[in-house]
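Here is a short briefing to read alongside the model. Please keep the 3D view open and follow the topics in turn.

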Amino acid sequence: MRTFGSRAERRALRLLSVLFDFVVIALGTLTMLYVVRMIIDLAINSLIHFAPEDALQGIVLILIFLEIFEIIVMYIIYHHVPMKNVVEIGVLALVKELLITLDLTELGWQVLLGMAALIAAMGWVYTRERQREDNYNRFLIERGITEKDVDDLTKTLDEAKE
């Protein structure tokens with residue numbers, strides 16, 4: 001990876017990074033406002049005319065948007081999003097699609113097979129990410145390293161880059 005030697009390049013990158021953070025914060029705010037609106041709409045629609053299928057679909061959609069909000073927050077804090085969280089959104093989206101199509105005979109066997117393959121692939125990725133996280137935590141515990149030590153080291157490395 002190329003290091004940026006000139007001071008102007010580093011400043012420009014820092015400015016672009018800050019602007020990107022503001023855009024991500026705005027998206028997070030809009031996402032949470034949309035979740036609140038969906039909750040209010042779900043409550044009103046359930047009081048007026050309760051349909052279990054619609055309520056279930058609304059709840060799953062709210063869960064999907066909450067996962068998206070969690071990913072946005074993680075990006076704002078860490079500037080990194082674990083693949084595990086992206087896979088969770090994919091699984092929720094597939095479950096929502098299956099809930100919408102209550103008559104599974106409408107879907108062809110090819111679509112069901114494709115969804116099964118997607119769920120299997122996402123399950124594999126999710127499992128690998130969990131194993132990687134567990135190995136990382138085990139490594140820290142075995143060596144007596146705390147999260148504060150990791151944060152301090154990361155901060156020191158970031159300062160050294162600047």
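This is a predicted model: local features need pLDDT of at least 70, side-chain atom pairs count only at pLDDT 80 or more; totals for chains, interfaces and linings use all residues.

Residues are numbered from 1 along each chain as its sequence is written, and side-chain values use heavy atoms, with hydrogens and water left out.

**Reading the helix terms**

- Helices (H or I, at least four residues) and strands (E, at least two) are DSSP runs, numbered from the N terminus.
- Axes are lines fitted to C-alpha atoms, for helices over the stretch in contact, and angles run from 0 to 180 degrees between N-to-C directions.
- A crossing is left-handed if the near helix is turned anticlockwise from the far one by less than a right angle, and right-handed if clockwise.

**α1 with α2**

- The axes of α1 and α2 are 9 Å apart, and the two helices pack at an angle of about 160°.
- That makes α1 roughly antiparallel to α2.
- The crossing of α1 and α2 is left-handed.
- Sorted by class, the α1 contact with α2 has 21 nonpolar, 4 polar and 2 charged residues (Ala, Val, Leu, Ile, Met, Phe, Trp, Tyr, Cys and Pro count as nonpolar, Asp, Glu, Lys and Arg as charged, and the others, Gly among them, as polar).

**α2 with α3**

- Helix α2 covers residues 52-78 and helix α3 residues 83-100; their axes come within 10 Å and cross at roughly 165°.
- α2 and α3 are therefore roughly antiparallel to each other, and α2 passes α3 in a left-handed crossing.
- Residues of α2 that meet α3 include L56, V60, I64, I68 and M74, and their partners in α3 include V86, I89, L92 and L99 (contact means heavy atoms within 4.5 Å).
- This contact of α2 with α3 has 14 nonpolar, 2 polar and 4 charged residues.

**α3 with α4**

- α3 passes α4 in a left-handed crossing.
- Among the residues making this contact are V87, V91 and L94 of α3, together with L112, M122 and E133 of α4.
- The contact of α3 with α4 has 12 nonpolar, 1 polar and 6 charged residues.

**Aromatic pairs**

- How many aromatic pairs does a search of the whole structure find? The search finds 2, where rings of Phe, Tyr and Trp (its six-membered ring) pair if their centres lie within 6.5 Å, and planes under 30 degrees apart count as stacked, over 60 as edge-to-face and the rest as tilted.
- F20 and Y75 have ring centres 5.6 Å apart and planes at 85°, so the pair is edge-to-face.
- F20 lies in helix α1 (residues 7-48) and Y75 in helix α2, so this pair ties together parts that are 55 residues apart in sequence.
- F20 counts as partly exposed at 42% relative accessibility, and Y75 counts as partly exposed at 23% (buried means under 20% relative accessible area, exposed over 50%, partly exposed in between, with a 1.4 Å probe and protein chains only).
- Y34 and F65 also form an edge-to-face pair, with 5.0 Å from centre to centre and 65° between the planes.
- Y34 in helix α1 and F65 in helix α2 are 31 residues apart, and their pair links distant parts of the chain.
- Y34 is partly exposed at 36% relative accessibility, and F65 is partly exposed with a relative accessible area of 23%.

- G28 is found in helix α1 and is buried, with a relative accessible area of 4%.
- Leaving aside neighbours within four places in sequence, G28 is in contact with F69 and I72.
- The C-alpha atoms of G28 and V73 are 7.1 Å apart in space, although the two are 45 residues apart in sequence.
- I76, in helix α2, counts as partly exposed at 29% relative accessibility.
- Not counting residues up to four places away in sequence, I76 touches V24 and I25.
- H79 is found in the loop between α2 and α3 and counts as partly exposed at 39% relative accessibility.
- H79 has a positive phi of about 55° although it is not a glycine. Most residues other than glycine have a negative phi.

Conventions
Angles under 35 degrees count as roughly parallel, over 145 as roughly antiparallel, 65 to 115 as roughly perpendicular and the rest as oblique.
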